[in-house]
Amino acid sequence: MTIREIATTPFPGQKPGTSGLRKKVRQFKEPHYLENFVQCIFDGVGDMEGATLVLGGDGRYYNREAVQIILKMAAANGVTKMVVGQNGILSTPAASCLIRKLEAKGGIILSASHNPGGPNYDFGIKYNADNGGPAPETITDAIYALTQKISQYRILDATDIDLSEIGEVSLGGMRVEIVDPVREYRRLMKELFDFKKIKKLFKDGFRLRFDAMHAVTGPYSTDILERKLGAPKGTVINAEPLEDFGGHHPDPNPVHARELFDIMFSDDAPDMGAASDGDGDRNIILGRGMYVAPSDSLAVLAANAHLAPGYKDGLAGVARSMPTSGAVDRVAAEVGMPCFETPTGWKYFGNLLDAGKVSLCGEESAGTGSDHVREKDGLWAVLMWLNILAERQESIAEIMRAHWRTYGRNFYSRHDYEAVDSDAANKLMDDLRAKLPTLTGQTFEGETVTSADDFSYTDPVDGSVTSKQGIRIQFESGARLVYRLSGTGTEGATLRVYLERYEANPANHELETQVALQSIITIADQLAEIGKRTGRVEPDVIS
Ligand code: G16
């Protein structure tokens, strides 16, 4: 087998976003596009000779071809061992788990997360470092710089290898170990949670509906929930992973997980509903007739984590992304533990977790996780909730109401305007930024602004500064308004508006969320002229 050195030219726009490089499949299929980026990963990370890497993806369209290309390039770049999920499959948290378990140099994960899949939709690739988490900016910046000047890549001239059988094969001088994608992950979950108690919960008749959305958590949830924990067959719905996710967006929100929401708001709703996304790192939780906002879920997990064996000694601290509601801050203040506010993107939690400053973190974008891996983890969150429910023997609605009685309720919602003209979106943000210095002290709809800024973060561990991370406007009442442009979309720009209002009085805790937030919603449009500038009369997604 020979190594070929193929001449190439730089591609514009191979800049990794919040979560690696995410583009349309047709872009990835352009000659040399994927190969260029992969070569830049190998060169940007460096020292591939002797390295062990982990490789896998969420099984979306183009996963199979991409895995074969990456394996041949890894062999040509001197990688010693590649550990690949069977059939090229690994959920994002399972990949993180394997990198840590094997003490690998890092891993390559193929996914466009919650974005749709198929020939006309999205694909993605990202590099995770040896801590199992998304590569820090020093690495992604180095990769990006190389994409601007690449002139050749190396690839082994070889036939595709069969990834359907667990075992070991060689490819050129490289060993390829094909592993069960679920096994190590399941072991880790067993260490963290009381499987016996959760088993008993199901035995006693607890009913769960887990929507795998035809994405990667199908095999993980069927194995763990149905086979190991004894949940009845059919607990997992849409369990079969499909390359196009059955034509849906594998995004667990009220629009794309409609089927689950309908079940949970029906007369025959089970006790709990949950769903994960394309690559298995996000989660949503529903009780009977109740949606648990991800920011609230984070707060409840923070307040109850000690009920699960893996967290019985309590938490070192918690962290949330800036746009996530302050519900978890209230728990942290009560317990007396540190609470950090980071920019959006899981990578910002990495340093805090590695330094032992926090053991639980989460984001409004349906992500929660802990120091067990360095990615958010959908099924982990479901198991954590199950463990808490098994201990408390209360319904989800009872747990939520008790939580609000204790801490007050942070009403919260996110309004998304998708595929907005990029120039219009950037101008909207620039004009808002220009207005910031004038806002403090002004009153809108009865709400007085106490501060207004563009979020900037100084990492408490390495001192690095990340600026322009979203516009935040804080009101005297405790309400807050945040504007941010998404870093994960592949079409135009997505404007996200995050709305929050604190309510201490239990008499108002049952208000409908959008009603509770009405004044903030009105201010959001007044300040940014969203309707006028985007031409939209309402958001595409309200979550
Ligand atoms: C990715 C990151 C998350 C982040 C999200 C933000 O999620 O891993 O940490 O919260 O992007 O998305 P946006 O920039 O669109 O608001 P995922 O699940 O897409 O990998």
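**Cysteines, a sheet and a ligand site**

Let me begin with cysteine 97, which counts as buried because its relative accessibility is 5%, and please keep in mind throughout that what we are looking at is a predicted model. Cysteine 97 takes part in no disulfide, and the nearest cysteine sulfur, which belongs to cysteine 361, is 16 Å away. Cysteine 339 is likewise in no disulfide, with the sulfur of cysteine 361 as its nearest cysteine sulfur, at 11 Å; with a relative accessibility of 30%, cysteine 339 counts as partly exposed. When the whole structure is searched, 0 disulfides are found.

Let me turn to the sheet, which is an open one of 7 strands, paired antiparallel and running in the order S20-S21-S24-S25-S26-S19-S27. Strand S20, residues 443–444, and strand S27, residues 541–542, are at the edges, and each has a single partner strand, so one side of each lacks a neighbour in the sheet. For S20, 2 bridges link it to the antiparallel strand S21, residues 447–454, and threonine 443 is placed opposite threonine 448 in S21.

Finally, the ligand: there are 19 residues around it, of which Glu363, Ser486, Gly487, Thr488 and Arg496 come nearest, and this shell divides into 1 nonpolar, 10 polar and 8 charged residues. An N or O atom in the side chain of arginine 496 is 2.6 Å from an oxygen atom of the ligand, while a polar backbone atom of tryptophan 346 is 2.8 Å from a ligand oxygen, and a polar side-chain atom of arginine 22 lies 3.0 Å from a ligand oxygen. Of the 460 Å² of accessible area that the ligand has on its own, the protein covers 99%.

Methods
Residues numbered from 1 in each chain as written. Predicted model: local features only at pLDDT ≥ 70, side-chain atom pairs only at ≥ 80, totals over all residues. Heavy atoms only, no water. Disulfide = S-S within 2.5 Å. Buried < 20%, exposed > 50% of the residue type's maximum accessible area, 1.4 Å probe, protein only. Pairing = 2+ DSSP bridges. Helix = DSSP H or I, 4+ residues; strand = E, 2+ residues; numbered from the N terminus. Near = heavy atom within 4 Å. Polar contact = N/O pair within 3.5 Å; in protein donor to acceptor, adjacent residues only side chain to side chain. Areas by Shrake-Rupley, 256 points an atom, 1.4 Å probe, with all protein chains shown as cover. Nonpolar A, V, L, I, M, F, W, Y, C, P; charged D, E, K, R; others polar.
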